[in-house]
Amino acid sequence: MTLDDYRIECRWSKNELARQARIDTSTLNRAFKGIPVSSDTARKLARAISDELGRPISVEQMKA
């Protein structure tokens, strides 16, 4: 699934995803554009999504 698919499954706006992951919206927008982000940022996104969905989501499972 893509990062956007997970965002939609969480019923979050992009701003809410950034808030839940504790990253800047500009950083999130770069990820959505396919621009590489740090491994720390990717882990924060995966953790926020995992917590919301109640199941483990790995960085490898998220495609830009």
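I began with α2 and α4, which are roughly perpendicular to each other (angles of 65 to 115 degrees count as such). Their axes cross at roughly 100 degrees and come within 8 Å. The axes are lines fitted to C-alpha atoms over the stretch in contact, with angles from 0 to 180 degrees between N-to-C directions.

A note on the source: this is a predicted model, where local features need pLDDT of at least 70, side-chain atom pairs count only at pLDDT 80 or more, and totals for chains, interfaces and linings use all residues. Numbering starts from 1 along each chain as its sequence is written, and side-chain values use heavy atoms, without hydrogens and water.

Next I looked up who meets whom. From α2, Leu17, Gln20 and Ala21 touch Lys44, Leu45, Ala48 and Ile49 of α4 (contact means heavy atoms within 4.5 Å). By class, I find five nonpolar, one polar and one charged residues there.

Then I turned to α3, residues 25-32. Thr27, Leu28, Ala31 and Phe32 are buried in this helix (under 20% relative accessible area, 1.4 Å probe, protein chains only). They lie on the same side of α3, because they cover an arc of only 145 degrees around the axis. These buried residues pack against α1 (3-9), α2 (14-21) and α4 (39-53). Just after α3, glycine 34 has a positive phi of about 85 degrees.

Last, I checked serine 50 in α4. Serine 50 counts as buried, because its relative accessibility is 13%. A polar atom of its side chain lies 2.8 Å from the backbone oxygen of alanine 46. Beyond its neighbours within four places in sequence, serine 50 contacts Arg55, Pro56 and Ile57.

Conventions: Buried means under 20% relative accessible area, exposed over 50%, partly exposed in between (1.4 Å probe, protein chains only). Helices (H or I, at least four residues) and strands (E, at least two) are DSSP runs, numbered from the N terminus. The arc is that of the directions from the helix axis to the C-beta atoms. Angles under 35 degrees count as roughly parallel, over 145 as roughly antiparallel, 65 to 115 as roughly perpendicular and the rest as oblique. Ala, Val, Leu, Ile, Met, Phe, Trp, Tyr, Cys and Pro count as nonpolar, Asp, Glu, Lys and Arg as charged, and the others, Gly among them, as polar. A polar contact is a pair of N or O atoms within 3.5 Å; within protein, one must be able to donate a hydrogen and the other to accept it, and residues adjacent in sequence count only if both atoms are side-chain atoms.
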